[in-house]
Every structure is written in C-alpha cells, then in structure tokens.
Amino acid sequence: MAAKRLNQKDKYRCLTRDLAWEPSYQTKEDIYPYERFEGIKITDWDKWEDPFRLTMDAYWKYQAEKEKKLYAIFDAFAQNNGHTNLSDARYVNALKLFLSGVTPLEYQAYQGFARVGRHFGGAGARVACQMQAIDELRHVQTQIHAMSHYNKHFNGLHDFAHMHDRVWFLSVPKSFFEDARTAGPFEFLTAISFSFEYVLTNLLFVPFMSGAAYNGDMATVTFGFSAQSDEARHMTLGLEVIKFLLEQHEDNVPIIQRWIDKWFWRGYRLLTLVGMMMDYMLPNKVMSWAEAWEVYYEQAGGALFKDLERYGIRPPKYVEQTTIGKEHISHQAWSIFYQYSQATNFHTWMPTDEELDWLSAKYPDTFDRIYRPRYEHWREMQARGERFYNPTLPMLCQVCQIPLSFTEPDADTTLSHRSVLHAGERFHFCSDGCCDIFQYEPDKYVQAWLPVHQILQGNCGGGDVEAVVRDYYNIAAGFDNFDYQGSPEHQRWQQWQGDRPADFNTAG
C-alpha cells in the first residue's frame, strides 16, 4: 500500500519541529548555556508560533524565483547605462551612505542570527533564526550587486567594508549592531527583530526605496522590492518574539521593557542618518523626515504599543523627546557632515533656494528660525571662496557615538550634554536616553572604540587628520569627499548632460 501523502501542516512539522530531539548524555543547561543568563524564563517552547510556515525546500524555491527576476533587471540597468537616467549625480552620495553604513549591517545581522539560533532550546526559534540569517546574507549580496554598477562611474563606493570598520561616522551604525551582537540571545532578538525590524525598519527601507524611485535609480528600487517579502517575514517574527516572551512568564515583562527602552533610543539615534538623507541628499524628495516619523512611528508605533498594553508594556522611555527631535535632527546632522566633509566618503553641499523653501514649508516652526540663517551664512562664505570646513575634532557620545550637536528638548538653541563619572573617569553623552543606557551597563560602554579618541591617541596611523583620511580611511581627498560643487563627479555629470539629446528627460 502506498504511503499516505503528508499534508502541508504535517510536512512542515516533520521538516522543522520534528528535527529536534531530547538530549541523552548532556543536559539542556549545558547545551544552551545562554538561554538563562539574561533572566528570561521560558516555560514551554512549543508555544512558539512561526509567523511564516516555510520549509527549506519552499524557501529556496521562492528565493530562486526572485533572484532570476532581480538579476535580469540589474543586467538591463547596466546595459542601458541606467546611471545616466538619475535625477542628479548628488543622489549617488545617498548610495555611498547606504553601501558603507547599511549594507554591512545586513552582514552583521546574518552573523547575529546565525549565532543566536544556536542558543535557543526551541526548534521553532532555531529554524526562524536560520531563515532570517540566510535572508540577511542574501540582502548583502543583492545590495552590493545593485550598486556595483555605480562604482564604475562614481567615486567613493570602493572599499565600503574597509570604511565601515574605520571611518569616524560609520562607527554609529557599526556600534549599534556590535552592541546587539554582544548582548544575550533574547536581547539580540528584542533589539533587531522587534525594535529595529518591526518598530523602525519602515523608516529605513521605505525612504531609501522611495527615494530611489523618485530619482531614477531602478536598480536600488528592484532590490528593495525583492527584499520586501523577506522584510515582511522579519517584521512578523519581531512581533512574535515579543509576544512569546511576554506570555511565557510575568518576570520577563520588566526585562523586556528595559530592552525596548534601550533599543528604541539606540535605533532612533541611528536613524538620524536616514533623516539627513531624506531631507538633504535626495534631489527629488519623497517626504520630510518629520512626516516619515509621524507616519511610520507615531501612528503605526502608537497602535503597536496600545496593543502591548495588555502585557504590561508601555511606550518606550523618552518617546516624547523624539516628537520634538523630529523637527531638528536631520538639520543638525547635515550641519555636522557639511563642516566635516573633508573626512567623509561622500560629498556635501548647501541646499538650493528651492530646497531651502521646501525645508521651510516642511518645518515651519524650526527651520527659518534656527537653520536657514546658518545655511545662508555658509552660502555667503562659499560665495567669497571661504567654504567652511571645521578643522577640529568633535566630542562624541559614549553610547551612540554621534557628535554632541543635538539640542535640549525644551531649549532648541542649547546643546544637549550629559556626563557621568565612572571609575574615576568622566564620560559624555548626547541625551538622557544615551546616558541612561550607559549607567545601566557602564562596564560595557567604557570599552567603546570612539574614533576621535583613537585619532588623538595616534591609533589611526598618526594624529594628522588629513593623513588619517587618506591612509587609514582610504578616502581620496577631493574625489570622494569635500563639497560637491566643482567636484570631479559634478563635472562629469555636467558633461553627461551636455552629451544628451535636447529632448532627453531625467527621472522625476
């Protein structure tokens, strides 16, 4: 008699949960040593509900179909010189920021999920981490391939992995993921699967992919669409993780709450770079950072935390400061990068009159009062041939590692600064949120590798900033950085425009 064909549910069980076994000569405590040291209590791993009931054979089939379509579009983009269809060459600087700041985080996520999956006693959690690890590795590859075409025609896209490890401002995203990966397995899932993937990921991917579409970059748009189904699975996993942990034991609630407070603030600070990109680096703009924060966090996040109230979870600490900060942080970040453009891997510039008016309309309560006068002053300096570059090195926050350029929530013309004395040494912070994070785990954050400190100590090839940028960062002065106006890329773009037919229309 022929064997009965398994239905989808039974097949899924056989290929996931039934792969687990009870150990015989080792205890579970020895096999999964990190499952208990954070204080999280798991009473029944069988209560874990997989958000997408995927088996590996189905997973490879879906991904292979997406790969075929994706690479066909990449080839077509390259063969048709798609880079000449961009709205403006300034847009490529957003890609440089993405490739050196975000793509390596995908690889860190792959490493992180591959590691923590090993430390869960539940088969469902292990399978979910395995699939997400493979997703993240695929995202690294597709992002690199999507942007490799631009490396043939634009400066600053070389050595992105080398720069991620060394360039001063890239310590901001790098330290975020290293902080998560050096935490325990449950905190890692809370940090990445929930706080980043579920709560904040739309603020990263939607602006970048929409910005690419608005500016004629079909290669980036395509890899964004290709990753969309993966991201949906990741977001659902993030919510499942939190609900599973909260339902397992009431003692988990205060631990999870503290992690949500911490990683929400760390993610908010990291997204400062995205806000800057949205408001300043896209020639054809999608929406302002303030609008994006309202849509993707205040509305969506507000509904999420209302749903989590029944578990005893409240909104993240200092969330009210983000509502104030959304009016400021993108302008403050662009001001930092503009004056330190000699030490970045991308160009900066002053907004045009039209862009200044757009910013005034999007930020009616703050831009004209605080930031427009600053930009107009810098434009006047540049017109006199005195383009402003700051020759000093800034003080960095010990936790988020962003220069201390943010303002007080209740005084938007006063710089925010907190400090703490620990073990006879004083440490400095940009905000109450970062200061609180440090005070809970000071022995972790005193070890932070702060780029400015390392330069001044001579650990980056010497104390001369110009030599550090050239030799340690591997950035070519004038080609990869400094002002966009008059740069080789600007000149090359103008030449391409001159070679176009008179009736040629750019994207957007």
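The model is predicted, so its local features need pLDDT of at least 70 and its side-chain atom pairs count only at pLDDT 80 or more, while totals for chains, interfaces and linings use all residues. Residues are numbered from 1 along each chain as its sequence is written, and side-chain values use heavy atoms, with hydrogens and water left out.

Salt bridges come up first. The structure holds 34 of them, a salt bridge being a side-chain nitrogen of Lys or Arg within 4 Å of a carboxyl oxygen of Asp or Glu. One of them brings together the side chains of R233 and D135, at 2.3 Å from N to O. R233 sits in helix 10 (residues 218–248) and D135 in helix 6 (residues 123–151), so this pair ties together parts that are 98 residues apart in sequence. Helices here are DSSP runs of H or I with at least four residues, strands are runs of E with at least two, and both are numbered from the N terminus. Both R233 and D135 are buried, where buried means under 20% relative accessible area, exposed means over 50%, and partly exposed is anything in between (1.4 Å probe, protein chains only). The two residues also belong to a network of salt bridges that links K66, E67, D135, R138, D230 and R233.

R310 and D307 meet through their side chains at 2.6 Å, N to O. R310 counts as exposed at 55% relative accessibility, and D307 is partly exposed with a relative accessible area of 29%. The side chains of D432 and R418 form a salt bridge too, at 2.6 Å from N to O. That pair links distant parts of the chain, with D432 in helix 18 (residues 432–440) and R418 in strand 3 (residues 418–422), 14 residues apart. D432 is partly exposed, at a relative accessible area of 21%, whereas R418 counts as buried at 19%.Helix 3 (residues 56–79) has 24 residues and reaches 34 Å from its first C-alpha to its last, close to the 34 Å expected at 1.5 Å a residue; the expected span is 1.5 Å times one less than the number of residues. Its buried residues are A58, Y59, Q63, K66, L70, F74 and F77. These pack against helix 6 and helix 10, with contact taken as heavy atoms within 4.5 Å. Just after helix 3, N81 takes a positive phi of about 50 degrees.

Helix 13 (residues 289–308) bends by about 30 degrees at G301, the bend being the angle between axes fitted to the seven residues ending there and the seven starting there. G301 is itself among the buried residues of this helix, along with W289, A290, A292, W293, Y297, L304, F305 and L308. Their cover includes helix 9 (185–214), helix 10, helix 11 (252–270), helix 12 (272–281), helix 14 (319–325) and helix 15 (329–339).

P316 is found in the loop between helix 13 and helix 14, and is buried with a relative accessible area of 3%. Leaving aside residues up to four places away in sequence, P316 touches I260, D261, F264, Y297 and F305. Y297 and F305 are buried residues of helix 13. H490, by contrast, lies 43 Å from P316 in space, C-alpha to C-alpha, and 174 residues away in sequence.

Strand 1 (residues 407–408) and strand 2 (residues 411–415) run antiparallel and are joined by 2 bridges; two strands pair if DSSP finds at least two bridges between them. E408 has A411 of strand 2 as its bridge partner, and a hairpin of 2 residues connects the two strands.

Most residues other than glycine have a negative phi. Q401 has a positive phi, near 70 degrees, without being a glycine. Q401 lies in the loop between helix 17 (367–383) and strand 1, and is buried with a relative accessible area of 5%. N474, not a glycine either, has a positive phi of about 65 degrees. N474 is in the loop between helix 21 (465–472) and helix 22 (488–499), and counts as partly exposed at 32% relative accessibility.

Finally, the UniProt annotation "domain: YHS", from an unreviewed entry, covers residues 423–449; UniProt positions are given in the numbering used here, feature names are shortened, and annotations may be inferred rather than shown by experiment. Over residues 423–449 the chain is 48% helix and 19% strand, and the end C-alpha atoms are 18 Å apart.
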